[in-house]
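Please look over the sequence and the model shown here before reading on.

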Amino acid sequence: MYITISDFLNEWNREAMLTQKVLDGLTDDSLQQQVYPEGRTLGRIAWHFTTNIPDYLSHFGLKMEKAENGENVPASAKEIADTFKKLSEEAAQAIQQQWTEDTLSQTQNSFGREETNAQILMGLIKHIVHHRGQLTILIRQAGLKPFGVYGPPKEDWVHLGVNTPPL
C-alpha cells in the first residue's frame, strides 16, 4: 500500500511507462480487433481506460480536465497513445499537487465500499492493468507482436535460450 505520494508515483510512473509501450505498438488497423463480433474493439478498450483516468480521479475529489472528445474512439492509434501519455502525466501532477500523505489514509466510499485514498489509487492502476491485459490478447489476434510487459512475449524467448514455451 502507498504510504507516501512518492510511493504511489513510483508505481504509477512505472505502470504508465509499460502501458505506453503497449499503446505505442498499436496500429490504426489493430484498433478494430474484437474478441467476438458484439465485443468492444481494441481501440474502444484502450480509449476507455485512457479517458477514464480524469473521470475516475475527479470522482474522488481531484481536479482534472476531462479528456477531449472522450466518447468517440479515435481512428488513430497514435492519438490514443499520445492522449494516454498526456493524461497519465497530468494525473501524476494532480495527485502530487492536490493530495498529501495524510490524504492517502483518508477514506471515501468507492463504488459501495469504504476505501482509503491509497486503495482508490491502487484501484486505478489495477483497472488499467486489467484492460492492458485484454489489449495484449487482442494485439496478438490482430497479428501484431505484443510488448512484453512483465516478461518477454514468446517471440523473444529464443533470446533467452528457450525454444519452446515453459510448462
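## The enclosed cavity

In this predicted model, there is one cavity of 30 Å³ or more, and the space inside the largest cavity comes to about 40 Å³. Its lining is formed by W12, E15, A16, T19, F84, I125 and I128, which divide into five nonpolar residues, one polar and one charged.

The elements that contribute two or more residues to this lining are α1 (5-24) and α5. Helix α1 supplies the largest share, with four residues.

## The largest pocket

The largest pocket holds about 160 Å³ of space. A total of 14 residues line this pocket, and those that lie nearest its centre are T136, F147, G148, V149 and Y150. By class, the lining of the largest pocket is made up of seven nonpolar, four polar and three charged residues.

## Helix α2

Helix α2 is 18 residues in length and spans 25 Å between its first C-alpha and its last, which is close to the 26 Å expected at 1.5 Å a residue.

How enclosed is α2 by the rest of the structure? Of its 18 residues, 13 are buried, and the helix is therefore largely enclosed by the rest of the structure. Just after α2 comes G61, whose phi is positive at about 100°.

## Aromatic pairs

Six aromatic pairs are present in the structure. In one of them, the ring centres of F49 and F84 lie 6.0 Å apart with the planes at 85°, and because an angle over 60 degrees counts as edge-to-face, the pair belongs to that class. Since F49 sits in helix α2 and F84 in helix α3, this pair ties together parts that are 35 residues apart in sequence. Both F49 and F84 are buried, and F84 is also one of the residues that line the largest cavity.

Elsewhere, Y2, F8 and W12 are linked into a cluster by ring pairs. W12, like F84, is among the residues in the lining of the largest cavity.

Most residues other than glycine have a negative phi. Two residues of this model can be set beside that general rule. N69, which is not a glycine, has a positive phi near 55°, and it is found in the loop between α2 (42-59) and α3 (77-98). With a relative accessible area of 44%, N69 falls between the limits of 20% and 50% and is therefore partly exposed.

F111 likewise is not a glycine and has a positive phi, of about 55°. F111 is found in the loop between β1 (107-110) and β2 (113-116). Is F111 buried or exposed? Its relative accessible area is 54%, and because exposed means over 50%, F111 counts as exposed.

## A position in helix α5

I137 is placed in helix α5, which covers residues 117-141. The relative accessible area of I137 is 53%, so this residue is exposed. Computed along the sequence in residue numbers, I137 and A77 are 60 residues apart, while in space 17 Å separates them from C-alpha to C-alpha.

Note on methods
Residues numbered from 1 in each chain as written. Predicted model: local features only at pLDDT ≥ 70, side-chain atom pairs only at ≥ 80, totals over all residues. Heavy atoms only, no water. 1 Å grid on protein atoms, 1.4 Å probe; cavity = no way out; pocket = protein on both sides within 12 Å on 5 of 7 lines; lining within 4 Å. Points joined across faces, edges and corners; volume = space filled by probe spheres on them. Nonpolar A, V, L, I, M, F, W, Y, C, P; charged D, E, K, R; others polar. Buried < 20%, exposed > 50% of the residue type's maximum accessible area, 1.4 Å probe, protein only. Phe/Tyr/Trp six-rings, centres within 6.5 Å; stacked < 30°, edge-to-face > 60°. Expected span 1.5 Å × (residues − 1).
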